[in-house]
Amino acid sequence: MTAADTSPILTIDQLQLNRGARQILKGVSLTVGRGHLVALMGPSGSGKTTILRTLAGLEPFQAGRIVIDGLVFGGGEASNRATLSQLRRKVGMVFQFHCLFEHLTALQNICLAPVHALRVPPHQAEQQARALLTSFGVEHRADALPRELSGGEAQRVAIARALAVEPPVLLMDEPTASLDPERRGELGALLRTLTGQGRTLLIATHDEDFAGEFATRIVRMRDGVVT
Amino acid sequence: MCGVLGAGGAAAGAPQAFRWAGDPEGGAPFVEADPSRPDALVGFDVEIAGLLAQSLGRTPEFVNIQFNYIDQSIARGDAEIGLSGIEDTPARRASLAVTVPYYEFREVLSVRAADAQRIRSLADLRGRTVATLGGTIAYEILLRAQQDVGLQAVSYEDDVHPFSDLVVGRVDAVLLDNVLAERRKRAMTGFEILPQTIAIGHYVGVLSQAQAPMRDAIDATLRGAMRDGTLERILRKWSVWNDDQPRLFARVIAGEQVPAVVGLDTSASVATMSRWRAARVYLPSLLRASVVTIVLSVLSMALAVAIGVGIATGRVYGGPGVRVALTSYVELIRGTPILLQLFVLYYGLAAAVRLPAFVAALIGLALNYAAYESEIYRSALEAISVGQLEAARTLGLSERQVLTLVRGPQAFRLALAPMTNDFVAMLKDSSLVSVLTVLELTKQTQIFATNLGSWVIPGILCAALYLAMSLPLAALARKLESRWKRPTA
């Protein structure tokens with residue numbers, strides 16, 4: 001287990017989220033230290049993925065407060081454009097099904113946000129993207145379209161894409177869902193490398209073995225609350 | 001004597017029907033719906049048809065055929081005779097059984113009152129635009145003058161809009177026969193008919209060549225009506241009797257061969273050439289018309305795509321007001337005929353905006369197709385998965401960037417096949433703009449066929465040219481589709 005800085009980079013305080021009349025998150029509170037890999041576990045519908053989506057700015061919430069790397073926002077600010085823009089510099093997200101842009105190659109997927117959201121010069125963005133692909137062992141797939149990648153390759157490209165904008169916090173939804181045991185081990189090693197570099201990871205997973213082996217902490221949820 | 005619109009076949013025991021074809025849109029004094037009884041027809045051609053039917057012991061039955069297609073309909077047997085102010089031409093003589101002429105007319109120029117002193121002949125119209133009805137002797141005269149004098153000939157589908165466009169200034173003169181010009185003069189002000197005669201022609205009845213024996217019987221009836229004053233009474237009743245007619249009647253009764261046209265050299269008419277020579281003569285004009293078709297289609301499609309993208313984006317991203325306005329536009333365009341839209345744009349708005357014909361055609365096609373394109377783009381935009389959009393948002397892309405960098409490009413790939421389909425459809429729909437006087441491929445083919453008296457070679461050439469335009473396009477689209485094929489994995 002990686003020895004991590006214990007200062008919290010992420011604090012969730014009494015987060016409440018409703019969809020219509022249904023309460024999905026019922027006052028979730030959670031603190032994650034810098035450089036930690038925290039696994040959110042619980043049955044389907046317990047609210048794991050909703051927490052990740054809320055932290056990524058994809059779900060507005062009704063009450064509570066979130067603090068990420070010094071950025072504080074409450075329910076009313078969650079859809080504020082300026083807040084969302086700052087939030088997305090702090091948080092990267094890797095979706096369960098990767099959601100790579102289908103019309104772009106692996107390299108183009110990674111370069112898109114640096115070039116257009118951060119205004120990094122294209123040649124510099126490409127150099128950084130190639131370095132990421134190399135560090136994840138998929139540099140030979142740079143020119144492949146998403147449909148030509150295996151599940152493991154697509155996941156690595158998706159992680160590289162999320163990291164290309166250098167967020168301090170990376171969210172991953174069910175990262176082992178489509179991996180065989182060998183690839184799970186490789187992913188765990190990769191995530192350890194990332195936490196070793198000071199990144200903070202929050203993953204939603206059903207995979208007890210993976211969480212037990214690689215997470216610095218496991219947070220269990222049921223019916224929209226941390227148990 | 002009134003024909004009955006849409007009358008059915010004769011009842012058992014009643015006299016056999018005498019089916020005669022005409023176009024009531026041509027109006028009085030030829031054939032028109034009776035203003036007091038819209039289900040009945042009146043006009044001198046209606047009365048002549050009645051006269052002929054009576055002489056044959058039959059009952060007249062009217063067959064409504066658009067003026068431009070009367071020859072073809074007669075040739076294929078839709079009716080026994082065509083009578084609707086049909087001109088005697090070498091082409092008709094070559095391909096049909098033509099009756100003796102029963103009326104002599106003069107081709108005359110009409111100009112705006114202010115120009116009446118300055119214009120005396122076609123030579124005075126160098127560099128000017130002169131309108132007429134397509135497929136007529138007058139159009140042939142203008143095509144010759146286009147080469148010899150340097151005027152610009154414009155063909156219309158009807159004989160009303162040349163005069164309205166003359167009055168509003170879209171054209172500088174109209175060349176049509178005196179019957180049509182005088183009829184229009186009674187209903188419209190702002191132009192004058194010049195007294196000079198440009199050419200002389202005749203109205204005839206047309207039958208298929210297989211009906212030559214009936215034609216001979218009809219000729220005898222017409223001669224008899226000329227002798228006994230019946231025809232004169234009919235023509236006087238419709239105010240078209242003049243001093244030219246007794247001279248014509250005398251020549252016809254004497255059995256003299258009356259030339260089809262006087263004042264237009266018809267020795268070089270395509271009707272007198274071999275089919276293949278005629279095809280070679282017309283090929284350059286068909287190729288020029290193809291260029292008009294392809295340029296018009298490409299420009300209209302480009303504009304339709306741009307407007308369609310705007311409408312689709314507004315319907316997906318706009319507020320409620322914008323969405324309602326754009327949806328209303330799409331439904332209005334899809335719910336009304338494109339011909340109506342073209343007419344409104346070109347003629348309906350002429351008092352306020354006098355668009356040139358090509359520009360009106362381009363805008364009309366583009367506005368129509370934009371409605372259909374927008375539906376394709378809207379459904380393509382909505383087909384892009386939410387995951388793709390959320391992934392783009394979490395990377396910090398703005399909504400505009402999500403649209404232009406992720407959603408739009410993926411939607412374009414989905415829309416490509418239906419877009420190509422629409423472009424091929426537009427190549428063909430562009431033929432509709434001939435109603436705005438744009439001389440595109442189908443219209444040019446129709447003129448060729450009318451002058452030749454046959455649709456076989458013009459039809460084959462026209463089809464070959466359309467295929468030469470659409471097949472490479474379809475091949476290009478297939479190539480693009482395979483290159484940008486939507487991922488299936």
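Mentor: A residue is called buried if 20 or more other C-beta atoms lie within 10 Å of its own, exposed if 12 or fewer, and partly exposed in between, with C-beta atoms placed from the backbone. Helices (H or I, at least four residues) and strands (E, at least two) are DSSP runs, numbered from the N terminus. By these terms H3(A) is mostly covered, as nine of its 11 residues are buried.

The model is predicted, and local features need pLDDT of at least 70, side-chain atom pairs count only at pLDDT 80 or more, and totals for chains, interfaces and linings use all residues. Residues are numbered from 1 along each chain as its sequence is written, while chains are lettered from A and ligands numbered from 1 in the order in which they are written. For the complex, the predictor gives an ipTM of 0.92 and a pTM of 0.74.

Among the buried residues of H3(A) are Leu107(A), Asn109(A), Ile110(A), Cys111(A), Leu112(A) and Val115(A). Their cover includes helix H4 (122–135) and helix H5 (151–163) of chain A, together with helix H15 (399–429) of chain B.

Two residues are in contact if their C-beta atoms, placed from the backbone, lie within 7 Å; 20 residues of chain A are in contact with 18 residues of chain B. On the side of chain A that touches chain B, the elements giving two or more residues are helix H2 (81–90) and helix H3 (106–116) of chain A. The residues of that side divide into 13 nonpolar, three polar and four charged. Here Ala, Val, Leu, Ile, Met, Phe, Trp, Tyr, Cys and Pro count as nonpolar, Asp, Glu, Lys and Arg as charged, and the others, Gly among them, as polar.

Over residues 1–12 of chain B, however, the pLDDT is below 50. Chain B is divided into domain 1 (17–102 + 204–256), domain 2 (103–201) and domain 3 (275–483), with bounds from an automatic or database domain assignment.

Elsewhere in chain A, strand S1 (residues 8–19) pairs with strand S2 (residues 22–33) in the antiparallel sense over nine bridges; two strands pair if DSSP finds at least two bridges between them. S1(A) also pairs with strand S4 (residues 63–68) of chain A, again in the antiparallel sense, over five bridges.

Notes: pLDDT = per-residue confidence, 0-100.
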